[in-house]
Amino acid sequence: MSDIRITNVHVHTFTANHVPRWYPHPLLVPFRAVPGVIRLLAAIVRPFSRDKADTLDRLYRFQQEAGAWRQSEILAGMRKHYPRNTRFVVLPMDMEPIGHGPVRKGLRHQHEELAALARDNPETVIPFATLHPDGEGRVAEVVHAIETLGFRGLKLYPRMGFAPDHPVLMEEVYPLLLSRNLPVMTHCSRGGVRGRGVVPARADRYTRPEAWDPVWERYPDLRVCLAHFGGQEDWRAYVEEGYDPKDEGSLERNWQRLIRHRIGSGRFPSLWTDISYTLFHFDDFLPFLRLFLSAETEEAERLRARVLFGSDFYMTRQEQLSERAVCFRLRNALGEELFRRIAVENPETWLGER
Ligand SMILES: [Zn+2]
């Protein structure tokens, strides 16, 4: 069992120190100390707005971990669920510039703390840098994290309010990554954190898979992982509603299908995806994933080479199942060979180690 070395490409250890004071709304601040109320609100809001309910769920999970003030405490809680030699790609979050108030500790401090975590756990932690390209002094900070601290890739979160072809990224950040053969992890689902005033439609425009086309036009070799395999909403729609084969636009509207189609076509060799959150949170999607990955076609072979194992700890903390339990179910459902492919081999290729 422990003869393989798993790499979980998508986890978080950021703490309440890094979440803005008024996020997601000033009126909710009094309730932040009482997580039960946030859960209740999420349940009430869900029938009216999935997006708002999702934001509240996320806040609840932030609150659950808010007892931890150090990233090392969160890492310790997560490691218990995995074999000892497992590695984790740790993704920070730059929420300071999104208009929800100040953070206790700025990006520099978050990066430094993560660097210390990686120094203390060199076999375990693979640190990524992050930035909001509109934030002040961010390019210098990313250069510092990569060149001085030895960070191994970049995390982006376009939903917060920027496009992947933002000039700062195009002119200064992507060339640095390419010169060092480092990959990008980017949030790709319709839920999640949004900047203040960024309406869902605009957030989706920044987040959708096509938003990366201008980047690849210029940097075709930049390895980009669209996290969450399109997200739970699009998986839910695919599984429950199906699609009309005569409807020409249906492919573009469902990000799960679009990502699968694009990878399968072979025309997007730098496009990767991970199964974090979506497949960890909703195990009714698992049979579909297994089917997609195990077909005997050229398209499926390309997909098998581009899907990455990730969990999105601590966003995935379920009430009923531990991360360990979900992990074993997944491994069992996929079978040892497929699991090894997405959890051992593919992450090493994506990270540039092979
Ligand atoms: Zn995440």
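Q: What makes E2 and strand E3 (residues 125-127) a pair of strands, and in which sense do they run?
A: Three bridges join E2 to E3, and the two run parallel. Strands pair if DSSP finds at least two bridges between them, and helices (H or I, at least four residues) and strands (E, at least two) are DSSP runs numbered from the N terminus. The model is a predicted one, in which local features need pLDDT of at least 70 and side-chain atom pairs count only at pLDDT 80 or more, while totals for chains, interfaces and linings use all residues. Residues are numbered from 1 along each chain as its sequence is written.

Q: How do you know that strand E1 (residues 7-11) and strand E2 (residues 87-90) pair?
A: Three bridges connect E1 with E2, in the parallel sense. Threonine 7 stands opposite arginine 87 in E2, and asparagine 8 has phenylalanine 88 as its bridge partner there.

Q: What makes E1 a mostly covered strand?
A: Five of the five residues of E1 are buried. A residue is buried if 20 or more other C-beta atoms, placed from the backbone, lie within 10 Å of its own, exposed if 12 or fewer, and partly exposed in between. Of the 354 residues of the protein, 43% count as buried.

Q: Which hand does the β-α-β unit of E2, helix H4 (residues 107-120) and E3 have?
A: The unit is right-handed. With the strands pointing away from the viewer, that term requires the path from the first strand over the helix to the second to run clockwise.

Q: Why is the protein called as compact as a globular protein of its length?
A: The protein has 16 helices and nine strands. Its radius of gyration is 19 Å, close to the 20 Å that the globule rule gives for 354 residues, so it is as compact as a globular protein of that length. The radius is taken over C-alpha atoms, and the rule is 2.2 Å times the number of residues to the power 0.38.

Q: At what angle do the axes of helix H9 (residues 232-240) and helix H11 (residues 255-265) cross?
A: The axes of H9 and H11 come within 7 Å and cross at roughly 90 degrees. That makes H9 roughly perpendicular to H11, since angles of 65 to 115 degrees carry that name, with under 35 roughly parallel, over 145 roughly antiparallel and the rest oblique.

Technical notes
Axes fitted to C-alpha atoms, helices over the stretch in contact; angles between N-to-C directions.
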